Amino acid sequence: MNKLSLLLVGPRYSHSLGEIVRTSIAAGVVERTYIEDSRKIFQDDHENQIQRFSAGYSDFREIVLIKDSLEFLDVNKGNYRRIATVIGPAAENLFEFKYMENDLLVLGEERKGLDDKVIAACDTTLTIPQVVNKYKCYTLCSAVAMFLYEKMRQAYEGIPHSMQ
Ligand SMILES: C[S@@+](CC[C@H](N)C(=O)[O-])C[C@H]1O[C@@H](n2cnc3c(N)ncnc32)[C@H](O)[C@@H]1O
């Protein structure tokens, strides 16, 4: 089964990273999580905090720290379909989206989301529909959970649970 990868651009909170790590491992559909750690959340005891918030799920093998998201996206042009996750109707709707091999979901930080330059450096944009409060957004870890749920649904649909 082809898996997807995540690029987290400057996440702020180790608790949300812990939740993302746990969901990624449990869902079994994430190959690698790249993190531009511009806010240095991996310093001090943050690795322990991530371990705690993911309830011991993280062994950090799938996590790769990168320096600069724009450079990373440029270098990986052709290696990944680079998908900026954004809020709003201009982006492709997750309800109609078909995951492919070598997808990279690019996710913004918890307050400001993705920088325009990062969005422009991606191949496409993708949004999760919001029914209420359409000008606000989901939390980063809730958004990741929904993206991964849809990936699981497409990857495992029709396969009996015992065979997965
Ligand atoms: C808490 S949101 C911050 C959004 C920011 N205030 C904005 O307007 O772009 C953090 C990240 O979660 C993801 N996210 C949240 N809601 C989303 C949605 N409805 N569709 C796609 N991604 C979403 C995006 O990656 C976003 O950058």
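1. Let's start with the sheet. Seven strands make an open sheet, ordered β3-β2-β1-β6-β4-β7-β5, with parallel pairing. Strands here are DSSP E runs of at least two residues, and helices are H or I runs of at least four, numbered from the N terminus; two strands pair if DSSP finds at least two bridges between them. At the edges sit β3 (63–66) and β5 (92–93), each pairing on one side only.

2. A word on the model: it is predicted, with local features needing pLDDT of at least 70 and side-chain atom pairs pLDDT 80 or more, while totals for chains, interfaces and linings use all residues. Residues are numbered from 1 along each chain as its sequence is written.

3. Now look at β1 (residues 4–9) and β6 (residues 103–107): they run parallel, joined by four bridges. L8 has L107 as its bridge partner in β6. Helix α5 (residues 140–156) packs on the sheet and touches β1, β2 (30–36), β4 (81–85) and β6. Contact means C-beta atoms, placed from the backbone, within 7 Å. The direction of α5 makes about 165° with that of β6 (angles run from 0 to 180 degrees between N-to-C directions, with axes fitted to C-alpha atoms, for helices over the stretch in contact).

4. Next, a helix pair. α1 (residues 14–27) and α2 (residues 46–53) pack at about 50°, their axes 7 Å apart. Among the residues meeting there are L17 and V21 in α1, and I50 and F53 in α2.

5. Finally, the ligand. Of the 17 residues around the ligand, L107, G108, G113, C137 and A143 come nearest (near means a C-beta atom, placed from the backbone, within 6 Å).

Terms used: Contact = placed C-beta atoms within 7 Å.
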